Amino acid sequence: MFEINALSDAVGAEIVGLDLAQPLDDDTFGRVHQAHLDHQVLVFRDQEITPEQHIAFSRRFGDLSGHVYEQFLLSGHPEILKVSNKKTPEGDFVGLNSAGRRWHSDLSYAEIPSLGSLLYALEIPPSGGDTLFNNMYSAYETLPQMTKDRIAGLKAEFLIGSARKYYTENERPALTSEQLASVPSVEHPVVRTHPESGRKALYVNSAHTVRILGIDNAEAEDLLTELTEHSVKPEFVYRHKWQLHDLVFWDNRCCMHIAEPPPEGANRHMHRTTVVGDRPY
Ligand SMILES: [Fe+2]
C-alpha cells in the first residue's frame, strides 16, 4: 500500500512507496488512477525505471503519441521524447530544450490532444529548472458568472508554439516544412468538459491558442489575455521542485504547466511519454 500526500491547495500529490518498475495489479492501478483524477498531478518519488517500464506504466492510461520533433525521440523507443539541455560533442541538443517556456497544455495544438504526460527526471540541476502546474477546474469555476456566460460555447484556434516563432534557433531547431505541415492549426472549445470527471475546465493557453473565434479580434485578444492571466493566479498554481528520479504524471485536460530554465551550465535531462486523449468537447 502506498501513501498519497497532497502537495499544495492548488493541485498535486506525491505518491510514496510505490515501485513502478513492477507491474501494478488492478486494485493498485485503480487507486493510482483515482488519485490522478483527484489531484491532477501525481509525483511518484524515487523511481528506478527503464524506458520499457516507463512506457509500460504510461500505456495503462492509453495509447502513446510520438512528437513532431521526431529527432528528439529516444532511439529504439519512439514513445519517449527526450527533454534535455545537454549537447552532443557536435554541439546539438540531445533533446528538446526550452520545452514549455510558456503556460500550455501538451499537444493542445493537435486535433486529438493529450490525456496526460509522464516526465521522468534522469538528471536535475542543483537548483532551478522547476515546473509549475495550475488547476484549470479552479480557473474556470472562479470566473465571474458573466464571463462564464460569455465564453460558453466559444471555440478557439490552436497552433504549435514553434510555428508561432516563440523560440530562437539557439533554443530549439525550427520545424522543417514537413514537420510544420503535420501540425496544421485546429479548433477546440475555450471551456472543455473532462471526459472522466465530468467537470468543466478552461482550455485556452498562452503558448498554443492563437485567437478566440466568433467575436471581434480586439475583443478576442482582450478576452484571451484576461482568461490566461486569471488561470495562473498564485492560488491555482503548484511549483514542483524536482528530485532525482521523480516521475511526474499530469493531466493535460485540466492543467497547464510551464518549465523554468535551469541555471547556466547545469544539466536537466528527462524522458517524457505522452498519453493520447480525446477530442475536447
Ligand atoms: Fe509541456
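A salt bridge is a side-chain nitrogen of Lys or Arg within 4 Å of a carboxyl oxygen of Asp or Glu. The model examined here is predicted. The structure holds 15 such salt bridges.

Asp106 and Arg272 meet through their side chains, with N to O at 3.4 Å. Asp106 sits in the loop between strand 5 (77-84) and strand 6 (114-123), and Arg272 belongs to strand 16 (residues 269-276), so the pair ties together parts 166 residues apart in sequence. Both ends are shielded. Asp106 counts as buried, at 3% relative accessibility. Arg272 is also buried, at 8%.

A salt bridge also joins Lys241 and Asp130, whose closest N and O atoms are 3.1 Å apart. Lys241 lies in the loop between strand 13 (237-240) and strand 14 (247-251), while Asp130 lies in the loop between strand 6 and strand 7 (131-134); the pair therefore ties together parts 111 residues apart in sequence. Lys241 counts as exposed, with 54% relative accessibility. Asp130 is buried, with a relative accessible area of 5%.

Arg253 pairs with Glu196, the closest N and O atoms being 2.9 Å apart. Distant parts of the chain are linked here: Arg253 is in the loop between strand 14 and strand 15 (257-259), and Glu196 is in the loop between strand 10 (191-193) and strand 11 (200-202), 57 residues apart. Arg253 has a relative accessible area of 2%, under the 20% limit, so this residue is buried. Glu196 counts as partly exposed, at 38% relative accessibility.

Methods:
Residues are numbered from 1 along each chain as its sequence is written. This is a predicted model: local features need pLDDT of at least 70, side-chain atom pairs count only at pLDDT 80 or more; totals for chains, interfaces and linings use all residues. Side-chain values use heavy atoms; hydrogens and water are left out. Helices (H or I, at least four residues) and strands (E, at least two) are DSSP runs, numbered from the N terminus. Buried means under 20% relative accessible area, exposed over 50%, partly exposed in between (1.4 Å probe, protein chains only).
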